[in-house]
Amino acid sequence: MRKIKRIIGGLLLVVLSLVPGFAYTQEIVVIVNSSNGKDNLSKAELREIFMGKTAFWDSNLKIVPINQTEEKIVSKFINTIIGLPPEVYKNYWVKKLFQEGVMPPGQKGTSQEVISAISGNTGGIGYLLKS
């Protein structure tokens with residue numbers, strides 16, 4: 001348990017504000033693996049990462065983005081950060097996969113799975129609800 005608290009403490013990166021009028025009232029927290037050296041990302045940088053336009057960290061380490069599978073969390077992140085409706089985002093990735101061969105971000109079902117995936121991969125980045 002102590003190790004998990006240290007990992008979570010080292011992973012927290014950015015807390016994003018609520019979108020006015022959005023039905024889900026909790027904040028989204030973006031997390032990265034603490035050993036990759038990144039401690040601040042702009043909304044534009046996050047958008048580039050989750051749209052597959054930026055593939056490497058400054059250290060040339062491959063970025064491994066992780067999406068949640070829970071629709072409310074994904075929708076909030078996609079609407080807030082990417083600035084697209086979730087269906088348009090999904091269609092974007094289908095097109096990108098077939099035209100460019102670029103794989104979409106991986107997916108994990110729970111916040112604990114996201115934390116585990118990111119703590120186990122130095123290039124990992126994901127998001128979850130602030131608790």
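This is a predicted model: local features need pLDDT of at least 70, side-chain atom pairs count only at pLDDT 80 or more; totals for chains, interfaces and linings use all residues.
**Entry 1: what covers H4**

Residues are numbered from 1 along each chain as its sequence is written, and side-chain values use heavy atoms, with hydrogens and water left out. Helices (H or I, at least four residues) and strands (E, at least two) are DSSP runs, numbered from the N terminus.

**Entry 2: H4 itself**

Which residues of H4 are buried? I found Tyr89, Trp93 and Lys96. Buried means under 20% relative accessible area, exposed over 50%, and partly exposed in between (1.4 Å probe, protein chains only). They cover an arc of only 65 degrees around the axis, so they sit on the same side of H4. The arc is taken from the directions from the helix axis to the C-beta atoms. Lys95, Phe98 and Gln99 are exposed on the other side of H4.

I also checked the length: H4 (residues 86-100) has 15 residues and reaches 21 Å from its first C-alpha to its last, close to the 21 Å expected at 1.5 Å a residue. That expected span is 1.5 Å times one less than the number of residues. Just after H4, I noted Gly101 with a positive phi of about 75 degrees.

**Entry 3: S3 and its partners**

Back to S3 from the cover: four of its five residues are buried, so S3 is largely enclosed by the rest of the structure. Two strands pair if DSSP finds at least two bridges between them. S3 pairs with S5 in the parallel sense over two bridges, and Val64 stands opposite Gly124 in S5. S3 also pairs with strand S4 (residues 106-108), again parallel, over three bridges. There, Ile66 has Gly106 as its bridge partner.

**Entry 4: rings**

I searched the whole structure and got four aromatic pairs. Rings of Phe, Tyr and Trp (its six-membered ring) pair if their centres lie within 6.5 Å; planes under 30 degrees apart count as stacked, over 60 as edge-to-face and the rest as tilted. Phe50 and Phe77 are edge-to-face because their planes are at 70 degrees, with centres 4.9 Å apart. Phe50 is in helix H2 (residues 43-50) and Phe77 in helix H3 (residues 71-82), 27 residues apart. Phe77 and Tyr127 are stacked, 3.8 Å centre to centre with 5 degrees between the planes. Phe50, Phe77 and Tyr127 form one aromatic cluster.
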